[in-house]
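Welcome! Please take a moment to look over the chains shown here before reading on. The report then goes through them one meeting place after another.

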Amino acid sequence: MSELSVVGTRRPKVDAVAKVTGRARYTDDLRAPRMLAAKLLRSSRTHARIVRLDVSHALALPGVHAVLTGADLPIAYGILPVSQDEHALALEKVRYAGEPVAAVAADDEETAERALALVEVEYEDLPAVMSIEQALAVGAAAVHEERPTNVHRAAALEFGDVDGGFEAADHVREDIFFVHGNTHVPLEEHATLAEWDGSKLTMHTSTQVPHYLQRALERVLELPTSRIRVIVPALGGGFGGKCDPFSHELTAAKLAIVTGRPVKIALTREEVFYAHRGRHPVLMRVRSGFARDGRITAMEFRCLLDGGAYGSYGAASMLYTGALQTTTYAIPAYRFEGLRAYTTKPPCGPKRGHGTPQPRFALECHLDKVAEELGLDPIELRRRNLVEPFSWTVNHLRITSCALEECIDRVVEASGFEEKRGRLPHGRGVGFAVSAYMSGAGLPIYANELPQSEVQIKVDRGGGVTVYSMATDIGQGSDSVLAYLTAEVLGLEPADVAVVSADTDLTPIDLGSYSSRVTFMAGNAAVEAAERMRALVLGAVAEQLGLPLDRLVLRGGRALDPGDPESGVPWVEAIRIAAASRGPLVTAGSYRPPDLAGPYKGAGVGPSPAYSFSAAVVEVDCDPETGEVRVEKVWVAHDVGRALNPLLVEGQIEGSVYMALGEALLENHAFRDGVHLGPSLLDYKTPTALDMPEVVSIVVESDDPEGPFGAKEVGQGVLLPVIPAVANAVHDALGVRVDEVPITADKVIRALRQGRVGPKRLPDFPFRDAVRVDPPAQWRAAP
Amino acid sequence: MMRLPPFRLLRPRTAAEAAGLLASSGTDTLAVAGGTDLYPNMKRRQVTPRTLVSLRGIDELRGCRAGEDGELRIGAGTTLRQLVADPVVTSHAPALARAAALVSSPQVRTVATVGGNLCIDTRCNYYDLPEGWRASIGFCLKAGSDVCRVAPGGERCWAISSSDLAPVAVALDAHVRLVGAGGERMLPAAELYEDDGIRYLGKRPDEILADVIVPPGRGLRATYRKVRQRGSIDFPLLGVAAAVRTSEDGACEEARIVLGAVASRPVRCLEAEQALAGRRLEPGAIEAAAELAAAVAKPMENTDLTPLYRKRMVQVHVTRALAELTELG
Amino acid sequence: MTERTLLSLRVNNEEATVPVAAHRTLLELLREDLDLTGTKHGCELGECGACTVLVDGEPQLSCLTLALDAAGREITTVEGLARGADLHPLQAAFVELGAAQCGYCTPGMLVSASAFLEANPAPSRDEIRAALAGNLCRCTGYVKIIEAVELASARMGAT
C-alpha cells in the first residue's frame with residue numbers, strides 16, 4: 001500500500017471552504033420566487049380522538065393559500081414496509097402531543113401562524129400510555145386500536161443450546177438495566193422546500209435518505225418516482241434523525257401541488273424534538289453463565305423497547321437490541337427476546353448506533369460485575385471470550401477483519417488502565433468497555449436484489465472528473481471520501497474530482513446515509529467505477545503508445561510506466577487519446593453486499609459485510625458530595641480497517657465520544673404528564689465546550705478484505721463502548737452502580753446512599769417459545 | 001423560525017423619560033435593556049407587549065464607579081461582560097463579577113445587563129416553553145390559567161428566581177436606585193423581590209432599576225457558587241451567595257447566606273447566619289450553619305434534577321462557600 | 001401594515017439601508033433581507049449560538065438582537081471574515097484541521113472565535129473552551145474546533 005498517494009493522508013474535506021465561508025447552502029437558506037411559508041398545527045393532546053376539525057376560519061384569513069388536514073393525505077406510510085402506520089397529518093386520532101394535525105400555507109410564517117390559531121380542533125381525550133409498563137399493562141388503552149395489544153413487534157430467538165449452556169455454567173449472573181431515551185439534536189432544524197411545475201415535484205430537503213423519501217412521496221402523493229426529484233442541499237447534522245420521511249416533507253409537497261407555488265416548511269427547535277426518531281428507551285435483562293475460568297457458556301437478553309406512537313425503524317431497532325452482542329464475544333449459546341411497545345410519545349427510531357448502544361451498555365456493565373464476582377480482571381474476562389477474526393457467530397453473523405484485541409491492547413496501554421483501576425483516590429476511577437458495529441446493513445430496507453449503491457464517473461476533455469452518487473453527505477464527509485477514492489484510483493488530486501451527490505435526478509442509487517454504509521458501499525462502487533475508468537483510459541493509451549497495458553499506471557496526473565518515469569503522457573492527453581478511440585468517457589460501478597442473512601425470520605438485522613471494533617477507557621472524577629461526574633479523559637482505539645483520511649476518522653471518533661458522553665451523563669428525552677418535558681436546547685442538555693474532556697484517538701487498521709482500500713466504518717461504533725465505560729468508571733471511583741443512563745448527579749447521590757440505582761424488574765410479558773436456530777455450519781464451539 | 005410578535009419601540013434618552021413612558025403607556029408596555037430574557041419570552045408568546053421602552057440609549061444607566069469611601073455604584077445598563085472585566089468591580093465586589101461570569105453564555109453576557117439579570121423573569125419548566133407546548137399542559141397560573149402545575153392545590157405561582165446576581169446583591173447588602181414617574185427611591189436589594197412567581201418584583205411597573213449600590217466592603221468577604229448541569233448556558237439549579245466579616249481573632253461579626261433558585265425570590269438563611277454569629281468559621285460551625293440553611297430551602301419539581309437533590313446541595317454548597325471564605329480570610 | 005423604519009448599518013464593510021419593522025431581529029434581517037444566509041439559526045431563543053455575529057466587534061446573538069439596535073453599527077458575519085480571496089486564519093485552520101463537519105455551527109463558532117482572538121491573542125485551551133461555551137456543536141466534540149483556534153492563534157501571533 002506504500003504507493004497510495006491520497007488514501008491515508010490527512011487532508012481537508014472537499015466542502016470545507018464552502019462551510020467556513022458561509023457559502024454552503026442549507027435547505028432553509030434556499031428561497032424560490034413566489035415561495036409560500038407553511039406551518040404545522042400540532043396536537044395539544046397526548047392521546048385523543050379528533051371529534052371536530054374546522055379549518056374554515058384559517059382558510060378565510062387573508063394571505064392564506066391552502067389548509068390541509070389528514071383527509072387530504074389519507075395514505076399511510078412508514079420507512080419500513082412492515083410498518084406503514086403513519087399519516088402526514090393525523091387521521092381521526094392523535095397519538096402524541098406535538099403530532100401534526102393540520103398545515104397552513106401562507107404568504108409568510110407569521111400569517112401561517114396566525115392561521116393556525118384559527119383552526120378549530122375538538123378532541124376527546126383517551127388515556128395516555130407513557131411507558132413500557134403502561135403499554136403492557138392489562139387493560140391499557142390501545143395506541144393503535146386495530147391492534148389487539150400495544151405490542152408493535154416481538155421476537156424470541158435461540159441459537160445453540162442455551163439451557164445446556166446455563167446448566168454447564170459454574171456461575172450465573174443476572175442484571176437489569178435501563179436506558180432512558182435521548183435524541184439527535186442536529187444543530188440544523190429540519191427544513192424542506194417543495195416546488196411543483198405542473199408535472200414534476202422537486203424537493204430540496206434535509207434528509208439522510210433521498211431515495212426512501214422519494215418512495216414515500218411516490219406512495220402518499222400517488223406520483224410516479226419519475227415525477228419526483230429529491231435533492232439534499234448541505235445538511236446540518238443528522239445522526240439518524242433525518243432518516244425517516246417526515247410529515248413536513250409530505251405536507252409541503254402536497255401544499256406545493258395544491259397551490260402551484262413553492263412551499264417551504266422550516267421546523268422550529270421545539271418541532272424537531274417532536275419529529276424525534278431518537279434513541280429508544282430500553283429496559284433490559286441480561287443473564288449469563290460462565291465457566292470458572294471466565295468463559296461464557298450461555299447468554300440471554302430480554303429487551304423491552306418504548307417505541308413511541310409509530311413504527312418508524314422500530315421493527316429493526318428491536319432486533320438490533322439483540323443482534324450484535326455476539327460480534328465481540330464468542331458466545332456459544334444465545335437467546336434473545338425482544339419487544340417494542342407503542343406508547344403515546346413521539347416515535348423513536350435510529351440514532352447513532354441504532355438499537356445497539358442500549359444492550360452494549362447493559363452487556364459491558366454486566367461483564368464488569370461478573371468479573372468482580374469471579375475475582376477476574378475485567379479485561380482478562382473479556383480477553384478470554386473475544387471473537388476471532390474470520391469466524392462466524394452463533395447467530396449467523398460473519399466476522400471478517402477484526403483487530404479487537406489490538407484495540408484493547410492499545411487503549412489499555414495508552415490509558416494506564418491496569419495501573420489506575422482500583423488504585424486512584426476515592427472519587428476517581430477508570431472504566432473500560434468494547435464494542436463492534438456494522439459497516440452498512442447487509443440488507444436494504446425494502447426487499448430487493450439490486451445494488452445498494454451505484455456510482456457513475458464522467459471525465460471531461462479538460463481532464464476534470466465528476467463522480468455521481470446519491471450518497472448523502474451529512475457532515476461525515478462522504479462527498480470527500482468519494483473524491484479521495486476516485487482520485488486515488490485515477491492518480492489525481494481530490495481537487496480534480498467534482499462530486500455530485502444526493503440528487504435523485506442526477507445521481508445513481510445509493511440507499512442513504514444510515515447504518516454506517518456509505519464509505520463501504522458507495523466507496524466500493526466508486527472504486528469499481530474508477531477502476532473501470534482507469535482500465536478504459538490505460539487501454540487506449542497503451543494502444544496508442546504501443547506499450548504493454550500491464551506496465552501502465554495512473555499516477556501523479558500521468559499515465560506512465562513506473563519503471564520508466566520519463567514515459568507516458570499527462571492525464572489530459574491520456575483522456576483525449578481515450579476519448580478518441582473509446583467514445584464517451586463514462587463508467588459506472590456498483591456494490592451489493594454478499595448474501596449473509598441467516599436462515600431465520602429476523603436474520604436480516606445484524607449482517608454486514610464488515611464490522612468495526614472499538615475499545616474505550618474513560619477516566620472520571622466524581623464528587624462524592626455533589627454526585628457530579630466529570631470525565632477527565634477518554635481513550636479510544638478503533639479498528640476502522642483503513643483510515644482513508646485519518647483527520648476525518650479522528651473527527652468521527654471525537655464526535656462519537658462527545659455524543660456518548662452526552663447520553664451517558666446528561667441527555668434525557670423525558671416526558672411528564674404525557675407531554676415532552678422540555679423541547680428546547682435549554683432543557684435538553686447537550687454538552688458544551690466546557691463539558692468535553694480530552695480525547696485520545698487511536699486508529700487501528702486491520703485492512704478489511706472487502707472494504708474500499710480496506711476501510712470499514714467509523715461513524716457510529718465508537719459511541720458504543722464509551723457509555724458503559726463511563727458507568728464502569730463511576731463504579732471504580734465510588735464503588736456504587738448506576739445501572740441506568742443518563743447518570744445524573746442526583747442518581748449518583750442516591751446510589752451512594754443505596755448502593756445502586758436502576759430498575760429492579762421487568763414487566764411480565766409472555767414471549768412465545770423462542771424459535772430455535774441451529775448455529776451456522778461454519779460455526780464451531782470454542783475448544 | 002421563532003419570531004418576535006409585533007410591537008412599537010420607544011427610545012428614551014433619560015431614565016426619567018423612560019419611567020414617564022412606562023407610566024403613561026399602560027400595562028402592555030415593558031422596559032427592555034439587553035433583551036436576552038425578554039425576547040425569548042416574547043418569542044414564546046409568554047408576554048406580548050404592544051410597546052417596548054428600550055433602555056439601551058440611556059447613558060446615565062452605564063458605568064461603574066467607586067466612591068472614596070469604597071461605595072460601589074453600578075449602572076444597571078452595564079453589561080455583564082463589562083461588569084466581569086471592570087477593575088472597579090473586581091476589586092470592590094469580586095463576588096458580583098464572579099456571579100456575572102457564570103451567567104449563561106459569552107454572547108448573552110455581551111448584551112445582558114446588570115439590571116436585566118436582577119429583574120430576570122422567574123422561571124419554571126411548566127412555563128418557559130412555546131405557546132403550543134403550554135397549551136398542551138393546559139397553561140398554568142403564570143400563563144393565565146387558574147392552576148399552578150407545580151403545586152396544583154395552592155393559589156400561588158412557584159416559578160423560580162433565577163438571577164445569579166440577586167443572591168450576591170442581597171448578601172452584599174446592596175441597594176438599588178429606582179427611577180419612577182413620580183421620582184426616585186432607594187430600596188435594599190432584598191426588598192426588590194417578592195415571594196411570588198408572578199409578581200416577583202417589589203417595584204412598580206413604571207420604575208426603572210437605575211443603579212446598584214454596593215456599600216463599602218469594610219472587610220466583608222463574599223463568594224458565589226452556582227450549581228448547573230453544564231459548564232455554560234444553564235440557569236442556576238441553585239445559587240449560594242455567602243458574605244462574612246470576621247474580627248481579628250477570626251470570630252464571625254457578620255454573616256449573610258443567600259440562596260438563589262430555591263424559591264421565587266432570593267432566600268436569606270437567617271438562622272444559619274445567626275448560628276455563625278460570634279463563632280470562628282471552623283468545620284463544626286460551618287456544618288451547623290449549612291444544615292440550617294438547607295432547612296430553609298424548599299425547591300419544587302420545576303427545574304432540572306430533583307427537588308431532593310437540590311435541597312441536599314444547599315448544604316454542600318453553603319459548606320463549600322463558607323469554607324472558601326475561611327480560606328480567603 | 002406594520003410600521004417600518006429605514007435602518008442604516010454597515011455589514012461586512014458595506015453600507016446597507018433597509019426598511020425594517022421594530023420586531024425584526026438582526027438574524028432575520030441578515031438572512032431574509034440581505035441574503036446573508038451564512039449566519040445560521042438553531043433555536044432562535046439564544047440557547048445554541050449558531051446565529052452569533054459581531055456587533056462592533058463583540059459577539060452577539062443575532063436572534064436576540066433587534067435589527068433596529070444595529071443602526072449605525074458595524075456588523076460582521078461569517079461572510080465578512082475573509083479578506084477577499086484570503087481566508088481568515090481561523091477559517092484556514094478550520095479547513096485544515098477538519099473543524100467543520102456538518103458545518104452548521106461553524107459560522108457562529110468562527111465569529112465567536114475571531115472576536116475572542118482579537119481580545120486574547122494567545123489563549124490557553126481552557127480559555128478557548130470558555131470563549132466557545134455559548135456555541136453548541138453536535139458533530140465534532142469541539143476537539144478539532146479548539147485545536148483549530150489554537151493553530152490560528154499561533155499563526156496570527158507569528159505574523
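## Where chain B meets chain A

Chain B and chain A bury about 2800 Å² between them, and carbon and sulfur atoms give 52% of that area. Keep in mind as you look around that this is a predicted model. On the chain B side, 33 residues are in contact with 36 residues of chain A.

Five salt bridges are counted between chain B and chain A. One of the salt bridges joins R320(B) to E625(A), with 2.7 Å between the closest N and O atoms. Polar contacts between chain B and chain A come to 13 residue pairs, both residues at pLDDT 80 or more. The largest share comes from α12(B), with six residues. Sorted by class, this side of chain B has 16 nonpolar, seven polar and 10 charged residues.

## Where chain A meets chain C

Now turn to the other partner of chain A in this report. Here 50 residues of chain A are in contact with 45 residues of chain C. The area buried between chain A and chain C is about 3900 Å², with 56% of it given by carbon and sulfur atoms. Which residues of chain A lose the most area to chain C? They are V20(A), L187(A) and A689(A), and together they make up 18% of what the chain A side buries.

Between chain A and chain C, the rule finds seven salt bridges. You can look for one between D29(A) and R31(C), where the closest N and O atoms are 2.7 Å apart. There are also 31 residue pairs in polar contact between chain A and chain C, counting pairs with both residues at pLDDT 80 or more. The elements of chain A that give two or more residues to the side touching chain C are α1 (16–20), α17 (646–665) and β30 (694–700). Of that side, α17(A) provides the largest share, eight residues. By class, the residues on the side of chain A that touches chain C divide into 22 nonpolar, 13 polar and 15 charged.

## The domains of chain A

Chain A is assigned three domains. Domain 1 covers 31–126 + 187–237 + 242–275, domain 2 covers 282–443 + 598–773, and domain 3 covers 450–591.

The C-alpha centres of domain 1 and domain 2 of chain A are 36 Å apart. In contact across this boundary are 20 residues of domain 1 of chain A and 23 residues of domain 2 of chain A. Domain 1 and domain 2 of chain A bury about 1800 Å² between them, 65% of it on carbon and sulfur atoms. On the domain 1 side, D85(A), Y96(A) and F273(A) lose the most area to domain 2 of chain A, together 31% of what that side buries. How many salt bridges does the rule find across the interface of domain 1 and domain 2 of chain A? The count is zero, while eight residue pairs are in polar contact, both residues at pLDDT 80 or more. The side of domain 1 of chain A that touches domain 2 of chain A has 10 nonpolar, three polar and seven charged residues.

## A three-stranded sheet in chain A

Chain A also holds an open sheet of three strands, in the order β4-β2-β6, with antiparallel pairing. Because β4 (93–94) and β6 (120–125) of chain A each have a single partner strand, they stand at the edges, and one side of each is left without a neighbour in the sheet. Strand β2 (residues 48–54) of chain A is joined to β6(A) by six bridges. Within this antiparallel pair, L53(A) stands opposite V121(A) in β6(A).

## The domains of chain C

Chain C is assigned domain 1 (4–80) and domain 2 (89–158), with C-alpha centres 21 Å apart. Contact involves 15 residues of domain 1 of chain C and 12 residues of domain 2 of chain C.

Together, domain 1 and domain 2 of chain C bury about 990 Å², with 64% of it on carbon and sulfur atoms. In domain 1 of chain C, K40(C), T52(C) and V78(C) lose the most area to domain 2 of chain C, together 41% of what that side buries. Between these two domains of chain C the count of salt bridges is zero, and three residue pairs are in polar contact, both residues at pLDDT 80 or more. Strand β3 (residues 52–55) of chain C gives the most to the side of domain 1 that touches domain 2 of chain C, with three residues. That side of domain 1 of chain C divides into six nonpolar, seven polar and two charged residues.

How values were computed
Residues numbered from 1 in each chain as written. Chains lettered and ligands numbered in written order. Predicted model: local features only at pLDDT ≥ 70, side-chain atom pairs only at ≥ 80, totals over all residues. Heavy atoms only, no water. Pairing = 2+ DSSP bridges. Helix = DSSP H or I, 4+ residues; strand = E, 2+ residues; numbered from the N terminus. Domains from an automatic or database assignment. Contact = heavy atoms within 4.5 Å. Buried area = accessible area lost by both parts, 1.4 Å probe. Salt bridge = Lys/Arg side-chain N within 4 Å of Asp/Glu carboxyl O. Polar contact = N/O pair within 3.5 Å; in protein donor to acceptor, adjacent residues only side chain to side chain. Nonpolar A, V, L, I, M, F, W, Y, C, P; charged D, E, K, R; others polar.
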